[in-house]
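Welcome! Have a look at the structure below, then try the exercises that follow, each with its worked solution.

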Amino acid sequence: MLPPSPRPSPLSGPERTFQVAVCGPRDCTDEQAEAARRVGELLARAGVTVICGGGTGVMAAVAAGASAHGGTVVGIRPGPDTSGASPDLSVTIVTNLGEARNAVIVWSADAVIAVGGSWGTLSEVALARRRGEVPVVVLDGWRVVGKDGELVDAGIAYVDSPEEAVQQALQNA
């Protein structure tokens, strides 16, 4: 079951759609790629614009899932050109910012979903939490724990399925 349509973003104008960043490693597992593809499908069906890094792995999978269901996918590329960009992107933005493009991805989103974990993904989760007002959802990825090993209440929703990830991102936004 799909979650209800999201509320308009406080950053939005009258015609701007809700935007969800989907982050994850370029070298992901088959399970993470399948989860990201499903997240993309669900977001497209909900009428959400997907923002991602626009490359391989989780980024390519979410783009494929969203585009296969008529969704809009914006890829924020790190280099000086479109090389390596997923063919399933609707829009490709070239930044020449390297990993600093992660801040562009996070600051452009109304919610962030991380699928899997890598250092780049961790930086996106941290940037989103530092920003503060956007929901952050993690599926099969990093868990923030304190020195005692206990899960830190860092405002991150940890979920077990693509359906839960999309529901949390849209419901709490």
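**Exercise 1: Overall form**

With 173 residues, a compact globule would have a radius of gyration near 16 Å, and the chain agrees with this at 15 Å; the radius is taken over C-alpha atoms, and the globule rule is 2.2 Å times the number of residues to the power 0.38. Before going on, note that this is a predicted model in which local features need pLDDT of at least 70 and side-chain atom pairs count only at pLDDT 80 or more, while totals for chains, interfaces and linings use all residues. Residues are numbered from 1 along each chain as its sequence is written, and side-chain values use heavy atoms, with hydrogens and water left out.

Task: Find what the C-alpha trace spans along its principal axes, and what share of the residues is buried.

Solution: 
- Step 1. The trace spans about 45 × 35 × 30 Å along those axes.
- Step 2. Buried residues make up 47% of the 173 (buried is under 20% relative accessible area, exposed over 50%, partly exposed in between, with a 1.4 Å probe and protein chains only).

**Exercise 2: Order of elements**

Task: Work out how many helices and strands the chain has, and in which order they run.

Solution: 
- Step 1. Read from the N terminus: β-α-β-α-β-β-α-β-α-β-β-α.

**Exercise 3: Backbone angles**

Solution: 
- Step 1. Recall that most residues other than glycine have a negative phi.

**Exercise 4: Aromatic rings**

Task: How many aromatic pairs are there, and which parts are tied together?

Solution: 
- Step 1. Apply the rule: rings of Phe, Tyr and Trp (its six-membered ring) pair if their centres lie within 6.5 Å; planes under 30 degrees apart are stacked, over 60 edge-to-face, the rest tilted.
- Step 2. The count is one pair.
- Step 3. The ring centres of Trp-119 and Trp-142 are 5.2 Å apart with planes at 40°, so the pair is tilted.
- Step 4. Trp-119 lies in helix H4 (residues 119-131) and Trp-142 in the loop between E6 and E7, so the pair ties together parts 23 residues apart in sequence.
- Step 5. Trp-119 is exposed at 66% relative accessibility, whereas Trp-142 is partly exposed at 31%.

Methods
Helix = DSSP H or I, 4+ residues; strand = E, 2+ residues; numbered from the N terminus.
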